[in-house]
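Hello,

Here is the structure I promised to pass on. My notes follow below it.

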Amino acid sequence: MFQGYFLTILGGAALTLQLALLSLLFALVAGLAGASAKLSRSAPLRWLATAYTTVVRGVPDLVMMLLVFYGGQMLVNHVTEYLDVGYFDLNPMVAGVLTIGFIFGAYFAETFRGAFLAVPSGQLEAGAAYGMTRWQVFTRILFPQMLRHALPGLGNNWLVLLKSTAIVSMIGLSDMTWLADQAGRTTRQPFVFYLLVCALYLVMTTASSWLLGRLERRYSVGVRHAEL
Amino acid sequence: MKKLAAAVIALSLLSLGAHAKEWTEIRLASEGAYPPFNTIGADGALGGFDIDIGNALCAEMKAKCTWVKQEWDGMIPALNARKFDAIIASMSITEERLKQVAFSDKYYATPLGLVAKKGSPLTPTTEALKGKRVGVQRGTVADNFATKFWAPKGVDVVRYAKQDESYLDLTAGRLDAILADALEADGGFLAKPEGAGYAFLGSRMFGATPEERAVIGEGVGVAVRKKDADLKDQLNKALAAIRANGTYDTLRKKYFDYDIYGQ
Amino acid sequence: MDLSVVTGSLDQYLSGLWLTVHLVTLSCAIGLAAAIPLAVARVSRKPLVYAPVAAYTWFFRGTPMLVQLLLIYYGLGQLAWMQGQWEAGNPFWRLFREPYFCALLAFGLNTCAYTTEIVAGSMRNVPHGEIEAARAVGMSRFVMLRRILLPSALRRAIPAYSNEVILMLQGSSIASAITLVDLTGVARNVYSTHFAPFEAFVFAGLIYMALTFALVGLFQLAERRWLAHLRTQETAKPAH
């Protein structure tokens, strides 16, 4: 039925997952940095973080990706030529990870910011009263509790991130969607290949949702939930 | 003082000489969505006439070549951004492109052709095509031609990222005709089973006026960066060699049983 | 930075902007209208009622919109049966021949799925007191839905829905994948004609940002009008 393309597309699914996980890592780091910047006492830092989230929210993923891929390589080249450091290749995978990580870093920053604020400040004050250093307060009190509040938002954003990896196919990365595109064009039967990709995405998103549900339950041990 | 001047002149001459280098490792780029000239197999590897010519040129130049896949939209910017060193993707030599890159001598020539269902009353004229939907691949000579000469006269030009997508829509019935490189349309569509009910309408288009000829170009060449004149010379020498020793004809016969080099 | 690339293509950008605006507006309007009855079905306790809706939202929220779009446009277009319908001139199936209709359908189905889940979740979160009061007063299920449950749920859904509309605006840029010349499609054409990625895409990005600001402003007005009664909680400053 798939005329020899099935294994290739499965390989593309692995690439999709790889792209999503790498972008997730980048986005988590960027998100934590962004949230800290937004909550910091320095006004320029807050302004920078606000500009970051505003731009990301206001520009489509695809446009940003085209800009990073086609424009970014030119920029990197100017820089490397100027510094005479040699050539750095901005292949579609790198461009994809950078763009998606950059975009979702902004969304994660909002999630982390809300989660940081949701931890009752009394607990932080108590930690300070006990003589804990700011780092100890962060690692022992703030961060673990923040995670519980952040998980639903992080989970939703992960699902959106996973699906937005399909757009990287439009700059030529040989992910699932691109391979299905190509198989469909060559065999003139795009319907069956797109359906296959839909099925693979459904497997990934359903598995993610199930995993996130388990994670949320684990982190909510001991918290009372309202009876609906 | 004289010794210093002599030393400076000698050094600068040396550095001039150092720039005219012999290329031994070349990165070649192709699209992979333009059968039979460049395709991507089920294993993900590039293949087709362009790739065969590229490999033959490299063998002649005794250089190690690696192939890079690149979407058509970003071909020339990526070349100038040094993602690769040469484009062998059936890129026509046109004045517009010569502003951005340099080309080797041509390695085949193709006119444009209008493809539609057999028996269709359309002809490649603006009167017949007015109001009709004509598909082209974005950024190709066909796109430039249709945009420049047909769109202002009321022809609905529909642009696709890949040539193959336009064939899909033609067979689906969404387009009235396609304007494309005649050779590619022949080998990549009309010769295949799905192209059975379709044919060229009117004659091939070489350009009726000087402006049209300027847009269509005089053939397809290997694109290199403007400053890589040495690579261009190497490629031209190798091209002349494979044409002389029969390698070119052997490769051509794999795909076409008529001459595609043109005059 | 060569600004003449942009100034020379202003008319193209304008027509692309217009296409984006009406495509997104229509998709969201259709999606919202369909989502309200679907959300009512989604919160029902009868499996025969909620299961089909749950399956629909699971599919459309679990797969990328780009793949849905390509499936409808190229996928359906290649089916021999569909091509036969087009040749026969069937008016309904002929709609699928048009890229605009395919985009509208894909975007509409997608946003409807997300909006259904948003409204359903909002309905589940309506304070139980309101529902008990409605039942105590003797309202039938339908009257309670119309006068108490839906208005309350829809109001609370405004922030989440505003997010969805903004995401829809950004998501609409994939319409250029099926030959539609929306704002992103114009930027791609300008880029491939002039080889100027920065000018072409930055200008498009700026227009999208302006549209986003307009939407945010609109929704802030909506919140002020319909969610004013909840505002006192939101203006409380977090303790420093």
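How many residues does the contact take from chain C and from chain B? It takes 13 from chain C and 14 from chain B, where contact means that C-beta atoms, placed from the backbone, lie within 7 Å. On the chain C side that touches chain B, the elements giving two or more residues are α4 (65-77), α5 (80-88) and α10 (183-194) of chain C; helices (H or I, at least four residues) and strands (E, at least two) are DSSP runs, numbered from the N terminus.

Please keep in mind that this is a predicted model: local features need pLDDT of at least 70, side-chain atom pairs count only at pLDDT 80 or more, and totals for chains, interfaces and linings use all residues. Residues are numbered from 1 along each chain as its sequence is written, with chains lettered from A and ligands numbered from 1 in the order in which they are written.

Now to a sheet in chain B. Five strands make up an open sheet with mixed pairing, ordered β10-β9-β11-β8-β12 (chain B); strands pair if DSSP finds at least two bridges between them. β10 (156-160) and β12 (198-205) of chain B are at the edges with a single partner strand each, so one side of each has no neighbour in the sheet. Inside the sheet, β8 (residues 112-117) and β11 (residues 177-181) of chain B pair in the antiparallel sense over four bridges, and Val115(B) stands opposite Ile178(B) in β11(B).

Helix α8 (residues 182-190) of chain B lies across β8, β11 and β12 of chain B.

Best wishes

Key. Two residues are in contact if their C-beta atoms, placed from the backbone, lie within 7 Å. Axes are lines fitted to C-alpha atoms, for helices over the stretch in contact, and angles run from 0 to 180 degrees between N-to-C directions.
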